[in-house]
Amino acid sequence: MDFVNFLISIVILGVAIQFGELWIVLGAAAILIVASKDIKASVLYIITIGSLYFINSTGLKEYWLFALLGLIVLGYLMGLG
């Protein structure tokens with residue numbers, strides 16, 4: 001998987017979670033997990049969705065930028081970049 005595709009998918013999932021559209025998140029996550037060719041990308045998508053939902057549900061919305069930067073670093077360290 002390409003690192004740019006991962007960044008675009010993080011933004012799409014983040015916007016869908018922010019708007020509270022669960023069906024978009026589930027549909028996009030299902031497509032992304034099925035389309036990914038390695039297990040690292042699938043695990044990273046599950047971590048991404050879990051962390052974005054955690055930040056949105058606990059009221060830590062002012063830390064969205066730090067979460068996105070952390071996910072970008074995690075994706076780069078896992079070898080997607």
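Does Leu-65 count as buried or exposed, and at what relative accessibility? Leu-65 counts as exposed, because its relative accessibility is 55%. Here buried means under 20% relative accessible area, exposed means over 50%, and partly exposed lies in between (1.4 Å probe, protein chains only).

This is a predicted model, where local features need pLDDT of at least 70, side-chain atom pairs count only at pLDDT 80 or more, and totals for chains, interfaces and linings use all residues. Residues are numbered from 1 along each chain as its sequence is written, and side-chain values use heavy atoms, with hydrogens and water left out.

**Overall fold**

The protein has 4 helices and 0 strands. From the N terminus, the order is α-α-α-α. Helices (H or I, at least four residues) and strands (E, at least two) are DSSP runs, numbered from the N terminus. The C-alpha trace spans about 35 × 25 × 15 Å along its principal axes. Of the 81 residues, 32% count as buried. Among contacts between residues at least 6 apart in sequence, 64% join residues at least 24 apart. Contact means heavy atoms within 4.5 Å.

**Surface patch**

The protein exposes about 5,000 Å², and carbon and sulfur atoms supply 76% of that area. Accessible areas come from the Shrake-Rupley method with a 1.4 Å probe; for residues, only the protein chains shown count as cover. Phe-54, Leu-60, Tyr-63, Leu-65, Phe-66 and Leu-69 make a nonpolar surface patch of about 620 Å². Patches are made of residues with over 30% relative accessible area and no salt bridge; like charges are joined within 9 Å, nonpolar side chains (Val, Leu, Ile, Met, Phe, Trp, Tyr) within 5 Å. A salt bridge is a side-chain nitrogen of Lys or Arg within 4 Å of a carboxyl oxygen of Asp or Glu. Helix α4 (residues 64-77) gives the largest share of the patch, 3 residues. Leu-65 is found in helix α4.

**Aromatic pairs**

The structure holds 2 aromatic pairs. Rings of Phe, Tyr and Trp (its six-membered ring) pair if their centres lie within 6.5 Å; planes under 30 degrees apart count as stacked, over 60 as edge-to-face and the rest as tilted.

| Pair | Centre to centre | Angle between planes | Class |
|---|---|---|---|
| Phe-6 and Tyr-45 | 5.9 Å | 50 degrees | tilted |
| Tyr-63 and Phe-66 | 6.1 Å | 40 degrees | tilted |

Phe-6 lies in helix α1 (residues 3-19) and Tyr-45 in helix α3 (residues 39-57), so their pair ties together parts 39 residues apart in sequence. Phe-6 counts as buried, at 0% relative accessibility. Tyr-45 is also buried, at 3%. Tyr-63 counts as partly exposed at 40% relative accessibility, while Phe-66 is exposed at 55%.
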